[in-house]
Amino acid sequence: MWTKFEPRSFTVVVLVHLLGLLVTVIDGGGKYNTYNREKLHKYREEVREMFRHAYDSYLYHAYPYDELRPLTCDGVDTWGSYSLTLIDALDTLAVMGNYTEFSRVYHLVAERKDFDANINVSVFETNIRIVGGLISAHLLAKKAGVPLEDGWPCAGPLLRLAEDAADRLLPAFNTASGMPYGTVNLRHGVPEGETPITCTAGVGTFIVEFGALSRLTGNPVYEETALRALRAIWSTRSTLDLLGNHIDVQKGRWTAVEAGIGAGVDSFFEYLVKGSSLLGRPELRAMFNQARKPIDHYLRKDDWHFWVAMKNGQVTLPLFQSLEAFWPGMLSMVGDVEQALKSLHNYHQVWKQFGFTPEFYNVAQGAASAGREGYPLRPELIESIMYLYRATGDPWLVDAGVDILKSIQHSAYTPCGYATVRNAKTHTLDNRMESFFLAETVKYLYLLFDPDNFIHNTGATASIHTTKHGRCVLDAGGYIFNTEAHPIDPAALACCHNMPSEKEITEELTNNMIDLLDPYKVKKFRGELIPERLKRIQLEKIQAKQDKTKMEEKVLTEKLMRLKREMLAFEEEERLKAEEAQGQSIPGKVISLGTAEPIRTESSQSQESLKSNSNQSEGAASISSQSQQSSGQTSSQLESITTADITLETSTEYYKSRGEDDGVGEHYLSDDPQFNEETDIDNKDALEPTSDIGPAMQKFSSGDSATGGSAGVIVQPEKMPNMFEPAKPNKIVETLNNLLERFATPKNYKFDIMEYTTALISDKRFSLNQSWYKDYSVLTCPGTKFTDRFLIHGEFFTEDP
């Protein structure tokens, strides 16, 4: 309630604040706690105990299943019967110095020879958790005192397992674009009928693991595969340099067009930065720098990051997602500590409000979004806190880390581990402990409170290792964490095979005329990224599609001609009936539209009349009317219609009418918001612009028609009923639309702002879309059917007829 402004009261408030500031300065900045090593180590040991309880509970109650169910004290397979938690937690044992247990589990995992199994798995999750976890544990083996085979780090049982897992993921990348499917069968490849839709993170989160694998094994296929996928999705960005959320990996079309930094997108940006640092590839850093500009311009609002339309940058969802909390930590890697701290302060306030960060937080309302209040023990916030504390030493960041530690200890603890928080407002629990809790959350907490850990080495110490490729330096720090927090020593990659220098990489890009930062040049080189065999298959498919389209057009045109004839016959019958009823003649129409072979109709029109019409003069189409002079005249002359005469507006004419190019070349436009506004020539057969004659009347192929004509003549509306006028629907138009439905673009959607606003006010933001309630895995782009996945525009977008 507002009160009357009192100058005296205002002066008192100011003096109190100034006094508090003075006390803070005199006290040496006592606003936050101070932390010496002894105090930090106290919290470190609390984290160690947290890990021990969760890890032992998994071994006792859940192993060999993938994950622990802490409420029922049993296990469940979630991602592929990998004993996932064991592999995910392996390098955490090394980070915490438990080398005895690390060695035991190392040899236990090494007993497995391969991942041959007839099961479908997520390509994304298998890569970050299994491939990443095995590579990291392989590289930490020397530090943990594990006996090494000759050739390490270029050889070893866990490296071979990682290679086997990656080999089983490679079939997913066998697409026209090079972007991978979301699911693969470990034995048989991509499952039959698998959806080609996957999220942006599911395309761009491979370069760290695949790059490291190539450098360690000497097999370039992994790094090249990951780079091709990255470049392919980068080339589909909008003119604003924004990327959408989900994409069709076969056609390169966006199917979810909201741009953000959270669920389904996050690790794409993360891997541009980390891949550049790990592999020495400057073009990845350049891609990130260019991608960040529109993020700061369109997405960032008061140091929050919202979701926007990738075509115009307009805000569509004013939400904070807990997965976005990785962003401040990543900004610290590129040196922007100030902006990182601003965002982190916002995110920590959400934690303080609930004790956890709910999956979705409605910034406008200051409340957790209905149906998305859960916290599955995610690591992103503590990850950013750890990175920023290493960069600044600010004790406030330790305070924030203690907040997270105490919340998990207090509310997520169970006798059999730590449980997912079902609702951040009520702190009710769910029966799941994801493997990333031990791989990431606990690890980042431990590293925050352990400033002397070998991971933090700044290069002051190192060790020399000799291989058949020469001597190399190891353990000098600079570890790169993959998105599952598996650390990789970048120096180890130079031990096995020569890393290309920045100069060599620049020459590679120049020689291939690749300019990743020019969207128009990207269109030109994208085809070069596809192997010759795939390019040939793609061209054959395009040609076959064009040939099939022409045949379908011919058949459809004949149906249209038949309908026109039937309509004219019907009119003639009505005229004759009226004539007979009135006992007088009625002027009839004589219409000539060409010289094609007439199509017989089933009307009462005589065959002789049709035959006489088919012999009318050839030439340009003409329309005329003649008065019938005798009352006894009962015959009518119907026109003959050539295929060329009814050819609809061609794509060239369509674009010229809009003042644009003819669509032949690099860019194809679609009015469908599910499509990206630009795509390459490989997609031209599927993008059909909407003409001015109705939503179902799409362009036919330009050039020659079925009879060799070019542009047809549409019957003038004043001479006969206009069947193509959507403003005056009739049975004929409806029939034509039904026939032409196969040539229509997929269903269009429009954003229902009224429904969105109403839901925002009533706090029912996510109450309609049932896919949000499946489970937390929808936020990590698993290889499930698209209808069960995260689809950010699925709720408030209504079908636009």
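Tutor: Before we start, a cut-off: a residue counts as buried under 20% relative accessible area, exposed over 50%, and partly exposed in between. Keep in mind that this is a predicted model.

Student: Okay, so is cysteine 416 buried or exposed?

Tutor: Cysteine 416 has a relative accessible area of 6%, so it is buried. Its disulfide partner is cysteine 73, which at 29% is partly exposed.

Student: How should I read that disulfide, and how far apart are the sulfur atoms of cysteine 73 and cysteine 416?

Tutor: The general idea: a disulfide is a covalent bond between the sulfur atoms of two cysteines. Here the two sulfurs sit 1.9 Å apart, and the link is right-handed, with 85° about the S-S bond. Cysteine 73 is in the loop between β1 and β2 and cysteine 416 in the loop between β16 and β17, so the bond ties together parts 343 residues apart in sequence.

Student: How many disulfides does the count come to?

Tutor: The count is 3. Another one joins cysteine 154 to cysteine 496, with 2.2 Å between the sulfurs; that link is left-handed, at -105°. Cysteine 154 lies in the loop between α5 and α6, and cysteine 496 in the loop between α17 and α18, so this pair ties together parts 342 residues apart in sequence. Then there's cysteine 472 with cysteine 495, sulfurs 1.8 Å apart. The torsion there is about 95°, so that disulfide is right-handed.

Student: Let's switch to helices. Which residues of α4 are buried?

Tutor: First the general idea: an α-helix has 3.6 residues a turn, so residues three or four places apart point the same way. In α4, the buried residues include Phe102, Val105, Tyr106 and Val109. The buried residues of this helix pack against α2, α3, α5 and α6. Helix α4 itself runs over residues 99–110 and reaches 16 Å from its first C-alpha to its last, close to the 16 Å expected.

Conventions
Residues are numbered from 1 along each chain as its sequence is written. This is a predicted model: local features need pLDDT of at least 70, side-chain atom pairs count only at pLDDT 80 or more; totals for chains, interfaces and linings use all residues. Side-chain values use heavy atoms; hydrogens and water are left out. Helices (H or I, at least four residues) and strands (E, at least two) are DSSP runs, numbered from the N terminus. The expected span of a helix is 1.5 Å times one less than its number of residues. Buried means under 20% relative accessible area, exposed over 50%, partly exposed in between (1.4 Å probe, protein chains only). Contact means heavy atoms within 4.5 Å. A disulfide is a pair of cysteine sulfur atoms within 2.5 Å.
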